[in-house]
Amino acid sequence: MLYLNANNINDIGINWSDLTAVIKNATGALHKNDYSQPIKPYLRYGDPKNRIIAMPAYVGGGAPLAGIKWIASFPDNIYQQKLRAHSVTILNEHDSGIPLCVINTAMISALRTAAVSGTIVEQYLALKKADKQFTVGIIGFGPIGKTHLKMITAILGNRIDKILLYDINGVDLSSVDAAWQDKIQVCDSWQACYTTADIFITCTVSSSPYVDLPPVKGSLQLNVSLRDYKAEMVAHMDVIVVDDWEEVCRQNTDIENMHKVMGLEKKDTLSISDILCTDALQGKEDAVIMFNPMGMAIFDIALGGYYYQEAVRKNIGSVMPD
């Protein structure tokens, strides 16, 4: 059985075109119902905002694989100089159940989250004129925010006009590629980051919503952290996209609050497979599009499978005895 850690993932490298392709292929299996993904249970104890989540899945298609991700999220870790999230992913051969690989790093979660966002960004770009320049706003600049910055710069490239960053604890630009420094403005509030953003990305650890201003017309709202928009904001969203309604309409997410307070129903939303497999955004050039991803285990397993195959091909990682 192969063992991979964060250093191994970095050695393999991050190719956003490859990673978004992995997500698209897994979404194809989802669309064809060639997958299995139980509702993920949340283990809670002590402080109620802490949780450890089990995410089992089988994803079919051309490279079928089964497995599970076990991910802990403890938001207050950031105040103790510890990572908020820690995870271990186990991959099993699909037709025998034999464990193939253990991936011990939360980096897989960050890459999966940003790659899923990246597939929506690509669909959004297809709606816009080829010469349009974009203002990107990111609030929350921890590991998820930094990974989203890397993704968005890779996908948008020279179509970026400026990048607005805000974090309640300040923004450290030391890890940001020097090539993008002149495009970045550090803001002093979320409002300054939000009110001019064509693509707005929430990467916070907020436990309660606060966004209460109309978004930019025709913008993409990537609600990655899921607990930032007040329920009434549903009135400003022309298209609401979820990865999985049953997963995301719970655990005090913005979608659950919009459902309970404003009457949002599953039929009022589109799924990620609608967007990626049926061109459901066609004709929505001027729409405000809001994407709410709870995080689907099939994407973690598919992405883990990609890194497992690359590790085998490049002879990276440690072989563990049975």
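Burial words come up throughout this tour: buried means under 20% relative accessible area, exposed means over 50%, and partly exposed is in between, with a 1.4 Å probe and protein chains only. The model is predicted, so to speak of a local feature takes pLDDT of at least 70 and to count a side-chain atom pair takes pLDDT 80 or more, while totals for chains, interfaces and linings use all residues. Residues are numbered from 1 along each chain as its sequence is written, and side-chain values use heavy atoms, with hydrogens and water left out.

**Stop 1**

Asp279 sits in the loop between α8 and β15 (289-292), and at 48% relative accessibility it counts as partly exposed. Helices (H or I, at least four residues) and strands (E, at least two) are DSSP runs, numbered from the N terminus. Now check the backbone: phi of Asp279 is near 55°, a positive value in a residue other than glycine. Most residues other than glycine have a negative phi.

Next, pick Gln251, in the loop between α6 (245-248) and α7 (254-262). Its phi is also positive, near 60°. With a relative accessible area of 24%, Gln251 is partly exposed.

**Stop 2: helix α2**

Select residues 16-31, which make up helix α2. The expected span of a helix is 1.5 Å times one less than its number of residues. For the 16 residues of α2 that gives 22 Å, and the end C-alpha atoms are 22 Å apart, so the two agree.

Just after the helix, Asn33 takes a positive phi of about 60°.

Which residues of α2 are buried? They are Trp16, Leu19, Thr20, Val22, Ile23, Ala26, Thr27, Ala29 and Leu30. To see what covers them, show β4 (51-59), α3 (107-125), α4 (143-156) and α9 (297-314), which are among the covering elements.

**Stop 3**

Move to α3, one of the elements covering the buried residues of α2. This helix has 19 residues and reaches 26 Å from its first C-alpha to its last, close to the 27 Å expected at 1.5 Å a residue. It is mostly covered, with 18 of its 19 residues buried.

Within α3, select Thr113. Thr113 is buried, with a relative accessible area of 12%. Contact here means heavy atoms within 4.5 Å; leaving aside neighbours within four places in sequence, Thr113 is in contact with Ile144, His148 and Val224.

**Stop 4**

Now select α9. Its 18 residues should span 26 Å, and the end C-alpha atoms are 26 Å apart, which agrees. Because 14 of those 18 residues are buried, α9 is largely enclosed by the rest of the structure. Just after the helix, Asn315 takes a positive phi of about 55°.

For a distance check, draw a line to Tyr124: Arg313 and Tyr124 are 34 Å apart, C-alpha to C-alpha, and 189 residues apart in sequence.

**Stop 5: Gln221**

Finish with Gln221, in strand β12 (residues 220-222). Gln221 is buried, with a relative accessible area of 1%. Show its side chain and look for two partners: a polar contact of 2.6 Å to the side chain of Tyr229, and one of 2.9 Å to the side chain of Ser219. Not counting residues up to four places away in sequence, Gln221 touches several others, including Tyr194, Phe200, Pro215, Met237 and Phe291.

Methods:
A polar contact is a pair of N or O atoms within 3.5 Å; within protein, one must be able to donate a hydrogen and the other to accept it, and residues adjacent in sequence count only if both atoms are side-chain atoms.
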